[in-house]
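Dear colleague,

I am passing on the structure we spoke about, with the sequence and the coordinates placed just below. My notes on what was found follow after it.

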Amino acid sequence: MSHPEDPAVPRPPVKRQRSEKSRPSIFWVLAFLVVPLGSLLARFRIADGAKLPRHGAFIVAPNHYSEIDPVMMGMVLWRLGRLPRFLAKDSLFRVPVVGWFLRKSGQVPVARGGAARGAAPLDAAQKIIDEGRIVVVYPEGSLTRDPDMWPMRGKTGAARMALEHGIPVIPMAHWGTQQVMARYSKKISFFPRKTIDVKVGDPVDLSAFEGRSLDSATLAEATAVIMAAITALLEDLRGEKAPAQRWDPSQHNQKETGRFDG
């Protein structure tokens with residue numbers, strides 16, 4: 001009788017999982033509309049793209065300093081085989097055509113203020129887990145106020161979602177989108193074609209917070225760990241060291257949301 005591990009015994013073929021984007025979806029239409037134009041605007045140099053899991057649910061946590069960031073990061077995730085879903089301002093869902101595409105592609109509406117602000121992303125987390133999807137959460141919550149565009153103080157939504165639902169956080173950093181659209185600018189620079197550098201990190205180690213009460217102190221600590229991971233990736237891309245103290249808008253009389261011209 002042959003041993004189960006005997007090479008002479010044929011093994012059942014390993015079923016290869018199909019890429020998420022290989023299945024027909026509204027993303028095919030979006031990719032047809034967005035990817036050619038985005039490719040004219042910029043080329044991407046992606047470091048450690050293999051670290052982004054090709055299957056399963058997780059949170060992608062990038063830095064944020066240009067209003068065109070979601071488009072550029074959406075293209076990166078599409079190239080890496082995942083369908084990008086973002087937390088988007090609820091007002092965008094009321095825009096004709098745009099709102100239809102947002103709803104059909106599973107984007108998550110988030111109110112800017114009030115009790116509803118924290119409810120939508122947390123309610124969406126369980127669906128993300130059940131369907132093995134990913135969601136992009138900008139921990140900063142808005143474009144960074146840091147004068148040199150380093151990641152500023154983060155908000156706790158990504159940490160809460162990860163810890164409450166047991167899903168990993170994959171940090172990402174990018175540098176170069178400000179050349180396509182400057183911070184708070186409404187103008188897109190088409191020529192010359194820009195280069196955007198992107199780096200994918202290892203899952204953030206949040207094991208120290210498992211089993212702890214998810215109070216404000218715990219969530220703030222976990223958020224700081226996430227922001228440190230994103231900042232380290234950006235330091236690698238920029239070849240510089242970030243400031244020792246993360247920028248905190250409240251200490252500089254700055255609003256947490258909305259446009260800022262200082």
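In which segment is Ala242 found? Ala242 is found in the segment after helix 7, the helix that covers residues 216–238. Please keep in mind throughout that this is a predicted model. With a relative accessibility of 18%, Ala242 counts as buried, because the cut-off for that class is under 20%. Leaving aside neighbours within four places in sequence, Ala242 is in contact with Trp150, Thr231 and Glu235, and the C-alpha atoms of Ala242 and Trp150 are separated by 6.6 Å although these two residues are 92 residues apart along the chain.

Glu235, one of those contacts of Ala242, also takes part in a salt bridge with Lys241, in which N and O are 3.5 Å apart.

Asp248 counts as buried, with 12% relative accessibility, while Arg153, at 32%, counts as partly exposed.

As for the chain as a whole, its secondary structure comes to seven helices and seven strands, which follow one another along the sequence in the pattern α-β-β-α-β-α-β-α-β-α-β-α-β-α. The chain has 262 residues, of which 43% count as buried, and among the contacts between residues at least 6 apart in sequence, 76% join residues at least 24 apart. The chain exposes about 14,000 Å², and carbon and sulfur atoms supply 57% of that area.

A search of the whole structure finds 12 salt bridges. One of them joins Arg45 to Asp197, with the closest N and O atoms 2.7 Å apart. Arg45 lies in strand 1 (residues 42–47) and Asp197 in strand 7, so the pair ties together parts that are 152 residues apart in sequence. Asp197 is buried, with a relative accessible area of 17%. Elsewhere, Glu20, Arg82 and Arg85 are linked in a network of salt bridges.

Strand 7, which spans residues 194–200, also contains Lys194, and this residue may be worth a look on your screen. Lys194 is buried yet has no salt bridge, and the nearest side chain of opposite charge, that of Asp69, is 14 Å away. What the side chain of Lys194 does have is a polar contact with the side chain of Ser189, at 2.7 Å, and it reaches the backbone oxygen of Pro192 at 2.6 Å. Not counting residues up to four places away in sequence, Lys194 touches Leu41, Ala42, Arg43, Gln179, Val180 and Ser189.

Finally, on the surface, Val29, Phe32, Leu33, Val34 and Val71 form a nonpolar patch with about 440 Å² of accessible area together. Helix 1 (residues 26–41) gives the largest share of this patch, four residues. Leu33, found in helix 1, is partly exposed, with a relative accessible area of 49%. Leu30 lies in helix 1 as well, and beyond the residues up to four places away in sequence it touches Val35, Phe101 and Ser105. Leu30 and Ser105 are 75 residues apart in sequence, and their C-alpha atoms are 8.9 Å apart in space.

With best wishes

How values were computed
Residues are numbered from 1 along each chain as its sequence is written. This is a predicted model: local features need pLDDT of at least 70, side-chain atom pairs count only at pLDDT 80 or more; totals for chains, interfaces and linings use all residues. Side-chain values use heavy atoms; hydrogens and water are left out. Patches are made of residues with over 30% relative accessible area and no salt bridge: like charges are joined within 9 Å, nonpolar side chains (Val, Leu, Ile, Met, Phe, Trp, Tyr) within 5 Å. Accessible areas come from the Shrake-Rupley method with a 1.4 Å probe; for residues, only the protein chains shown count as cover. A salt bridge is a side-chain nitrogen of Lys or Arg within 4 Å of a carboxyl oxygen of Asp or Glu. Helices (H or I, at least four residues) and strands (E, at least two) are DSSP runs, numbered from the N terminus. Buried means under 20% relative accessible area, exposed over 50%, partly exposed in between (1.4 Å probe, protein chains only). Contact means heavy atoms within 4.5 Å. Lys and Arg count as positive and Asp and Glu as negative; His and the chain ends are not counted. A polar contact is a pair of N or O atoms within 3.5 Å; within protein, one must be able to donate a hydrogen and the other to accept it, and residues adjacent in sequence count only if both atoms are side-chain atoms.
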